[in-house]
Every structure is written in C-alpha cells, then in structure tokens.
Amino acid sequence: MNKIVKLGIKFLSFISLIFVTSCQKDKVVDPVEENELITTVKLNFTINGTTKTFTYSDLDGEGGMAPSKFETIVLAPNTSYTLTIDLLDESKTPAESISEEVAKEKEEHLFVFTPSPMSLLSYTYGDKDARNFNVGLTGTAKTGTAGLGKLKVQLRHQPEVGGKPSKDGNLSTGSDDVNLDFNLTVQ
C-alpha cells in the first residue's frame with residue numbers, strides 16, 4: 001500500500017508541474033545589445049577653420065594594456081569651438097568608424113560632457129534624434145576663464161527595452177560605451 005501512495009504522490013506532483021508550467025505566460029526577452037568596441041576617441045575642436053584634435057587610444061580595448069595615448073585638451077579661454085567626435089574600432093583592419101554606427105542608431109546613444117570645475121567649459125548639443133533628444137556627435141564647446149581641470153566624456157548606450165525606446169533625455173539611462181576623463185587646460 002505504501003508503494004501505491006508514493007507512486008500516486010509522484011504522479012500528482014508530475015501532473016501539477018506540467019499544469020503550472022503550461023499556464024505561465026511566455027516571457028518576452030529583449031535581445032542582448034552589447035556596447036560597441038571603441039578603441040579610439042578623437043575630440044575635434046574647430047575655430048575659424050583650424051582644428052585641434054585630442055585623442056584617447058587603447059588599441060586592445062578595456063582592460064589589458066594601458067592606453068597608448070591619452071592627450072590633454074588645451075583650449076583658449078573665453079572661446080567658442082565647434083566640437084565633433086570621431087569614434088573608431090582600430091582592432092580591425094581597416095579601422096571601423098563607430099561614429100557612423102552611432103549616427104545611424106542615434107535614438108540609442110547620448111554623449112554627456114561634464115567639465116570639472118563647471119566654469120571651465122559649457123557644451124551645447126548640435127544634433128538631435130528623431131524624437132528631439134540630444135545626441136552629441138557635434139555641438140558647441142565654449143570655454144570659460146583660464147584654469148585646469150577635467151572633461152568627462154561619456155557615450156551612453158540606451159537601447160530599446162521591450163520594443164520601446166529607453167532614451168528619454170535622462171543622462172543615467174543605459175550603460176557606457178565610452179567613459180573618459182580627459183585632463184583639460186584652458187590657457
């Protein structure tokens with residue numbers, strides 16, 4: 001009799017398991033969107049047809065060896081510059097322009113520029129996505145008075161979630177494709 005009870009319990013457990021799992025709703029899983037591999041960031045400051053380019057380069061990507069180039073940004077005080085950004089993946093031959101990919105997927109990307117101290121530089125976005133949110137591949141950088149500090153440059157990757165855009169103008173949404181602290185000298 002004991003064997004029959006044990007078999008009955010196992011059978012009921014099995015049927016319950018099938019019933020419970022068949023009643024669960026299918027979960028919608030978003031495809032995992034990986035951040036872009038960006039080995040080189042070039043900040044191009046242009047005034048009166050003259051461009052100064054400041055470069056960060058880490059050809060083996062994050063981790064591993066130290067960056068091979070991390071230039072200090074040196075700008076004149078009280079001056080307006082057109083700022084454009086070139087992003088490259090130089091782990092490939094030929095190098096791949098990630099700027100073009102960011103431009104195509106601008107609804108999922110946002111550059112954030114944070115000077116420290118704030119008086120060194122201000123930034124005005126020059127480009128927007130289809131929903132009128134800032135992108136930052138181009139804009140205007142205006143320096144303040146002379147001083148030393150940092151310019152944090154972030155590229156926030158803000159992909160769709162559940163088939164809906166996650167980019168909403170919030171700087172903290174998403175993850176970083178780029179997060180660099182350039183030394184900044186205004187003199």
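Biologist: In what order do the elements run from the N terminus?

Modeller: From the N terminus on, they go α-β-β-β-β-β-β-α-β-β-β-β-β. That makes two helices and eleven strands in the chain. Keep in mind that this is a predicted model.

Biologist: OK. How much of the chain counts as buried?

Modeller: 34% of its 187 residues. The accessible surface is about 11400 Å², and carbon and sulfur atoms hold 57% of that.

Biologist: And what share of the contacts comes from residues 24 or more positions apart?

Modeller: 65%, counting contacts in the chain with a separation of 6 or more.

Biologist: Let's do sheets. What is the strand order in the open sheet of four?

Modeller: E4-E11-E10-E7, with mixed pairing. E4 (73–75) and E7 are the edge strands. Each has a single partner strand, so one side of each has no neighbour in the sheet. On average, neighbouring strands here are turned by 25° against each other, direction ignored.

Biologist: How many bridges join E7 to E10?

Modeller: Eight, and the two strands run antiparallel. E10 covers residues 147–157. Within E10, Val153 is the bridge partner of Phe113.

Biologist: Phe113 is an aromatic. How many aromatic pairs does the structure hold?

Modeller: Seven. One of them is Phe111 with Phe113, which is stacked.

Biologist: What about Phe113 and Tyr123?

Modeller: That pair is tilted, at 4.1 Å centre to centre and 40° between the planes. Phe113 sits in strand E7 (residues 109–116) and Tyr123 in strand E8 (residues 121–125), so the pair ties together parts ten residues apart in sequence. Phe113 and Tyr123 are both buried.

Biologist: Which residues do the ring pairs link into a cluster?

Modeller: Phe111, Phe113, Tyr123 and Tyr125.

Biologist: What else does Phe111 touch, beyond its neighbours within four places in sequence?

Modeller: Its contacts include Ile85, Leu87, Val102, Tyr125, Leu137 and Val153. Phe111 also belongs to the largest nonpolar core, which has 30 residues. Along with Val41, Leu43, Phe45, Ile73 and Leu87, Phe111 is among those with the most contacts inside that core.

Biologist: Which strand gives the largest share of this core?

Modeller: Strand E11 (residues 175–186), with five residues.

Biologist: Switching to helices. Where is Ser99, and why does it count as buried?

Modeller: Ser99 lies in helix H2, residues 98–104. Its relative accessibility is 11%, so it counts as buried, the limit being under 20%. Leaving out residues up to four places away, Ser99 touches Ile85, Asp86, Leu87 and Leu137.

Biologist: Now the backbone. Where are the cis peptide bonds?

Modeller: One runs from Thr93 to Pro94, with omega near -5°. Pro94 is in the loop between strand E5 (80–89) and strand E6 (96–97). Another joins Ser116 and Pro117, with omega about 0°. Pro117 is in the loop between E7 and E8.

Biologist: Which residues have a positive phi without being glycine?

Modeller: Asn48 is one, at about 50°. Asn132 is another, near 70°. For context, most residues other than glycine have a negative phi, and most peptide bonds are trans.

Conventions
Residues are numbered from 1 along each chain as its sequence is written. This is a predicted model: local features need pLDDT of at least 70, side-chain atom pairs count only at pLDDT 80 or more; totals for chains, interfaces and linings use all residues. Side-chain values use heavy atoms; hydrogens and water are left out. Rings of Phe, Tyr and Trp (its six-membered ring) pair if their centres lie within 6.5 Å; planes under 30 degrees apart count as stacked, over 60 as edge-to-face and the rest as tilted. Buried means under 20% relative accessible area, exposed over 50%, partly exposed in between (1.4 Å probe, protein chains only). Contact means heavy atoms within 4.5 Å. A nonpolar core is a set of buried Ala, Val, Leu, Ile, Met, Phe, Trp, Tyr and Cys residues joined through side-chain atoms within 4.5 Å. Accessible areas come from the Shrake-Rupley method with a 1.4 Å probe; for residues, only the protein chains shown count as cover. Two strands pair if DSSP finds at least two bridges between them. Axes are lines fitted to C-alpha atoms, for helices over the stretch in contact, and angles run from 0 to 180 degrees between N-to-C directions.
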